[in-house]
Amino acid sequence: MKFKVTVILLLLSTSFMLNAQEIPSTKFGKGIFNIVGKDSSWTMKVGARMQFLTLASWENDHGELTNGEAAFLVRRARLKFDGYALTPKLEYKIELGLSNRDMSGSSIYTSNTPRFILDAVMKWNFYKNFELWFGQAKLPGNRERIVSSGNLQFVDRSILNAGFNIDRDLGIQFRHHFNLTDTFIVREALAISQGEGRNVTTGNIGGFQYTGRLEFLPLGLFPNKGDYIGGSLSRPETPKLAIGITYDFNNNAVKTRSNQGSYMLTENGFYETNITTMFIDAMFKHKGFSFMGEYANRDAEDPIAKETDGTPTGQVVQVGNAVNLQAGYLFKSNWEVAGRFSNVDLSKSITGESLVNEYTLGLSKYIVGHKLKVQTDFTYVDTENINSRLAYRLQFDIHF
């Protein structure tokens, strides 16, 4: 009986495949397919993307390369769904991370489950240029973090972003923009969030997190939203400049990097302290040239975690500064050469961490823009009082 059922199912599957019709879809990189409700009351675009990474690194011991390491990774594998419900003024976005690195970080605070959900957010344009966001999404932090990992100029983000970004959180955001002149545009963003990062299920610990950001575009909008895309792929004929300032206050924060890092645990619960983070960033593009610069600063009211009797727990807030400067030129052949300098200078007297400087040279081939590309870079890592390191990376991106 089981054999007959199997044969019937195989025959039906073959019949369906032989009679299958091609389903028209969108242009490459614009989603796998777009669905529109019969009465046009809703839409959904379904997309997928993957990043395949090869990396190798070596320690530079007085001119001799030692302790070599190499690995192959599925760096990112993601599904994205976005569209609107009832009206184009009510948009939504869901993004799921399926790679091990995307899902990592599970703990009792996330119900010991993988952190699949990256974004789950509604965006309501309730009046003119005003928007209300609610759900889980990126906070209006540093520019490099807000740029999608699929639109980066290098294989991955800088050490400034790794150490200082405020990433995603759950809460509400208010967005607005207006024109000072015909070309001078100002954007404002305010977020009130839980303060412990994404996918937390245990509720708020300590206080809430408050983030404010101002952006100034004195020379008008970038073509194709290029102020949040790495490289100068749209090649604007006139210069374009964006300047951003972010101030973030995490009230009674319980993590070592504001809403990121590890929880500061004590014998009686959590150590809480007010943490502030500030970013200043800029993006400039003209024809094939692009430049992005960022400065980050983190401070805390009392950065050394203590027990109730004043004994240090051994955990500290990662206070300090960082700088990231990068520039590149995109040739008409869609090959791009780019260079980056990144610096992280944490307070050594508090964190015990040494000054780190990174120098990166990158080469990219954009086959279909950022939707299909190959990127490679070589990095020299200079850490104070520690042997320097060399790192090489090669990555292939494909986005549907």
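This is a predicted model: local features need pLDDT of at least 70, side-chain atom pairs count only at pLDDT 80 or more; totals for chains, interfaces and linings use all residues.

Reader: What is the volume of the second largest pocket?

Author: Its volume is about 1200 Å³. The lining consists of 45 residues, and those closest to the centre of the pocket are Arg-75, Arg-76, Arg-101, Asp-156 and Ala-162.

Reader: Which element gives the most to that lining?

Author: That is β2, which contributes four residues. Other elements that supply at least two residues each include β3 (64–85), α2 (100–103), α4 (159–164) and β22 (372–383).

Reader: Let me turn to Arg-75. With which residue does it form a salt bridge?

Author: Its partner is Asp-156, and the closest N and O atoms are 3.2 Å apart. This pair joins distant parts of the chain, since Arg-75 is in strand β3 and Asp-156 is in the loop between α3 (143–146) and α4, 81 residues apart.

Reader: Are Arg-75 and Asp-156 buried or exposed?

Author: Both residues are buried. Arg-75 and Asp-156 are also among the residues closest to the centre of the second largest pocket.

Reader: Why can such side chains pair at all?

Author: Side chains of opposite charge can pair when their charged atoms come close.

Reader: How many salt bridges does the structure hold?

Author: There are 17 salt bridges in the structure.

Reader: I would like to look at Glu-95 next. What is the N to O distance in its salt bridge with Arg-49?

Author: The distance is 3.5 Å. Here too the pair links distant parts of the chain, with Glu-95 in strand β4 (residues 87–97) and Arg-49 in strand β2, 46 residues apart. Glu-95 and Arg-49 are each buried.

Reader: And what is the N to O distance between Glu-95 and Arg-78?

Author: In that salt bridge the distance is 3.8 Å. Arg-78 is buried, as is Glu-95.

Reader: Thank you. That covers my questions.

Terms used. Residues are numbered from 1 along each chain as its sequence is written. Side-chain values use heavy atoms; hydrogens and water are left out. On a 1 Å grid over the protein atoms alone, a cavity is a set of points where a 1.4 Å probe fits but cannot get out, and a pocket is an open set with protein on both sides within 12 Å along at least five of seven lines; lining residues have an atom within 4 Å of a point. Grid points are joined across faces, edges and corners, and a volume is the space filled by probe spheres set on the points. A salt bridge is a side-chain nitrogen of Lys or Arg within 4 Å of a carboxyl oxygen of Asp or Glu. Buried means under 20% relative accessible area, exposed over 50%, partly exposed in between (1.4 Å probe, protein chains only).
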